[in-house]
Amino acid sequence: MAKKKKKGSVAPELSPKPPGSPASVQMADSHADQRVSDYMAAINQAFLNPEYSDVKIYLGQVALDAHRLVLAAQSAFFAYALPRKLKEGESLDFHFEKGSMHAYWRCFSYIYTGDYSEEPADALTVPDDNDLSKDLRVYELAHTLEIRGLKEYSSKKFAVKAGGLWAREGFADCIRDVYTSTLGTDCKLRRIVVDITRKHPKELWNKPMQDLLREGGDFAVDLILFAAMYTASNAFFEAIWDAGVTHCFVNLGSDHPSFIEAMVKGQRESKDNFPRIITCPNEMVAMSMADGYARLTGKPQCVIVHVDVGTQALAAAVHNASSGRAPVLIFAGLSPFTLDGEHRGSRTEYIHWMQDVPDQKQILAQYCRYSGEIKTGANVKQVVNRALQFAMSDPQGPSYLCGAREIMEADIQPYTLKQSEWSPIELGGLSKKAVLDIADALAGAERPLVITGYGGRNHEFPDTLVKLATVLPGLQVLDTGGSDMCFPANHPAWMGMRFGVEDCIEKADVILVINCDVPWIPTRCKPQDDAVVFHIDVDPLKQLMPMAYVKAKARFRADAVQSLEQIIDSLKKGPAVEKLHSQDKNKQKERVQQEYETRLTGIEKAAQPLEGDKFGAGHLCSQLRAFCPEDTIWAIEAVTNTPFVHDNIRAQLPGSWINCGGGGLGWSGGGALGIKLATDAENGGNGKFVVQIVGDGTYMFSVPSSVYWISKRYNIPILTIVLNNKGWNAPRNSYNLVHPNGLAQTASNDEINIAFNPTPDYAGIARAAGCGEIYAGRVSAAAELPTVLKEAIDHVQAGKSAVLDCAVVPGC
């Protein structure tokens, strides 16, 4: 007990400013963050340090030096017990004689360092708690001492540990200990052991467990209550969570009563082991959010929609996920198949007749890696994992599942799968002969060229390609897809991004096409007849494209990074070394550097402001690059302006540029939200700055009313730049390529029906959807850009989205 007790207020918890802080405060964030970081480091170093100590903690006979300010800031118990002032030289003693001394030690370790060790403290001679009891004892003390964050932290550690040690002989004793040590109102640890018991009923049906159940008590009651309704829908959510799905983007309907029940149950009782549910008023936005999240992280996400109509409303987003190879699991209910109340879930509403279609799966089947129906709750987890195996195996993409209301309502026995047995297919590298052939050709090339389109999806790819360019000083890299940041723009080998038309394609003598859908467009640009071409791809035959081929000496289905590493190794140590050394490396290096500098000069010249203080997408993006954080993630759907955007953003970091993988316009609104959600979730809420750059027509396709409501509802701040060129220019470009002398060459955009006249209030649409909290701006003068961009960026960094309507001149 403490020798002195005086009532005191609880000190405020020290943490960085939340995302919603005012802009004026956010401007000082980097300085404030550094101060917080320095302060936390000092506290960390103060653990067990007698310097400035004014409190002694006795764990039995072992004394710990402590600090009044630290204890009071992190523990309401000590804030109450410690006096506000001490006389000079005075200290306070606290003696703890009962309970687990090691648990006390771990609590004080957490107060100072934010963590605690599983190992016993060297200073303590008493025995430590067993593995299953360590976190439980800490949890108890965290409750007693009211230590901020420790109950949550220790319960998560307990869940992980118990999930791996439940098969031990002492698990029944652990359950008994949990129920003895906690209150019914504090059910988190109780729910963990109940869930484990429900998932492993056969394996745990041993004498200790039988004895525990015969004792009756709260555990037996909870086991009955929690098992009272365990449906196929409960199993569905357990399956996706265990498979790594962390978010569900939902648009619910009459087919989802059992899903709603399972969601409420999961969110209330197992929040830390249940996907986060994001309500999406529009299905295309939902799918695009899952796409963006998966594209950035490589982790599959889930979309839940309503029968056939919700499936159809996914629209072009499914095309994008398929073409863009985004692993997304889609689930839609089916109309009930019983009419007279034969099962729970039978038809109860008029619409159930209207939405009963012959084969709902066929709506999306041609875009999916797998489509199937859940026909029984008994194997729902196996079906879910099979669908996810297809979604996660290269070439990745969406999978579609559907299930009738009666099936998803069915009561089943809880069960688990061994998740390690459901991994996706892994691609290997190249054969020895393929490596030698490619290395030999590259080593002898005068103008070697790599063409890629989506290689940067693997964030190791850009650096590996840089290593190849280091070995081959004459190598240049062209991106013809623009889906990902495939090669850093600050490297001399960077040739930018062009959709299959670029001089370097026609000049190259050896071309390595790697993870690319359209390396060139033969009617407009193609390699020399004697150019040697190799094609490495996760899908070299483009199996979902009825007509697609690349004329190549050889093609390989292989992992891009592993293949590049093999080629690099062969160029360093293999037979190709002698041929490579015979090249004039300095001459090649000078050529590459000169062409790179010429390219940059041309880009910068084209990006200057125009007459009348007007500007194009190039100048706008050069200004954006200057004002946005260096590690900004760019979500791009600029259509005809994409090359100008790419030239001037000049992304350098892996994962920093993500473009729509297909041709279904409207991806970037939901895509940007998904990317921002992902970078925040993966970085403890402090993710990277996200900018959406979108054409004006494409912005309308993106359903901004839904996008900015979601941004507001879930506090997902993004900066949207609308490239306003008063309509859709892509149809005119297509027309010009086919009919360069056609009649419509003399027609206005209004006459060929591609103009937006009058021009909508793009930013105003967003502001209305965001309940008035979206920054809405317009800019048409180059001189105004710096001020307006800074204001918008500050607004986003303060935690609110911003939309800038930018009047751009087409073609630059």
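Both Phe 236 and Phe 237 are buried in this predicted model, where buried means under 20% relative accessible area, exposed means over 50% and partly exposed lies in between, with a 1.4 Å probe and protein chains only. Because the model is predicted, local features need pLDDT of at least 70 and side-chain atom pairs count only at pLDDT 80 or more, whereas totals for chains, interfaces and linings use all residues. Residues are numbered from 1 along each chain as its sequence is written, and side-chain values use heavy atoms, with hydrogens and water left out.

A search of the whole structure finds 19 aromatic pairs; rings of Phe, Tyr and Trp (its six-membered ring) pair if their centres lie within 6.5 Å, and planes under 30 degrees apart count as stacked, over 60 as edge-to-face and the rest as tilted. The rings of Phe 236 and Phe 237 have centres 5.6 Å apart and planes at 90°, so this pair is edge-to-face. Elsewhere, one aromatic cluster is formed by Phe 77, Phe 78, Phe 94, Phe 96, Tyr 104 and Phe 108. Rings also meet charged groups, a charge being taken to sit over a ring if NZ of Lys or CZ of Arg is within 6 Å of the ring centre and within 35 degrees of the ring normal. The charged end of Arg 347 sits over the ring of Trp 353, at 5.0 Å from its centre, and Lys 381 lies over the face of Tyr 415, 5.2 Å from the ring centre.

Phe 236 and Phe 237 belong, with Met 289 and Ile 304, to the residues that have the most contacts inside the largest nonpolar core, which has 85 residues. A nonpolar core is here a set of buried Ala, Val, Leu, Ile, Met, Phe, Trp, Tyr and Cys residues joined through side-chain atoms within 4.5 Å. Helix 14 (residues 283-297) gives the most to this core, with 8 residues; helices (H or I, at least four residues) and strands (E, at least two) are DSSP runs, numbered from the N terminus. Contact means heavy atoms within 4.5 Å, and Met 289, leaving aside its neighbours within four places in sequence, is in contact with residues including Phe 249, Ile 278, Cys 280, Leu 673 and Ile 716.

An open sheet of 3 strands has the order 2-1-3, with mixed pairing, two strands being paired if DSSP finds at least two bridges between them. Strand 2 (62-66) and strand 3 (92-96) stand at the edges with a single partner strand each, so one side of each is left without a neighbour in the sheet. Strand 1 (residues 55-59) and strand 2 run antiparallel and are joined by 5 bridges, and Ile 57 stands opposite Leu 64 in strand 2. In another part of the chain, strand 14 (residues 532-537) and strand 15 run parallel and are joined by 4 bridges, with Ala 554 in strand 15 as the bridge partner of Phe 534. Strand 15 (residues 554-557) has a covered face, made of Ala 554 and Phe 556, and an uncovered one, made of Arg 555 and Arg 557.

Several individual residues were examined in turn. Val 690, found in strand 18 (residues 690-695), is buried with a relative accessible area of 0%, and residues up to four places away not being counted, Val 690 touches Ile 633, Ala 672, Ile 675, Lys 676, Thr 679, Ile 718 and Leu 719. Thr 698 lies in helix 29 (residues 696-701) and is buried, with a relative accessible area of 3%; beyond its neighbours within four places in sequence, its contacts are Glu 637, Val 639, Leu 665, Gly 666 and Trp 728. Gly 669, in helix 28 (residues 667-681), is likewise buried, at a relative accessible area of 1%.

Backbone geometry was also considered. The peptide bond from Asp 394 to Pro 395 is cis, with omega near -5°, and Pro 395 has its place in the loop between helix 18 (380-392) and strand 9 (399-404). Leu 48, although not a glycine, has a positive phi of about 65°; Leu 48 lies in the loop between helix 2 (29-46) and strand 1 and counts as partly exposed at 36% relative accessibility. Asn 515, also not a glycine, has a positive phi of about 50° and counts as buried at 7% relative accessibility.
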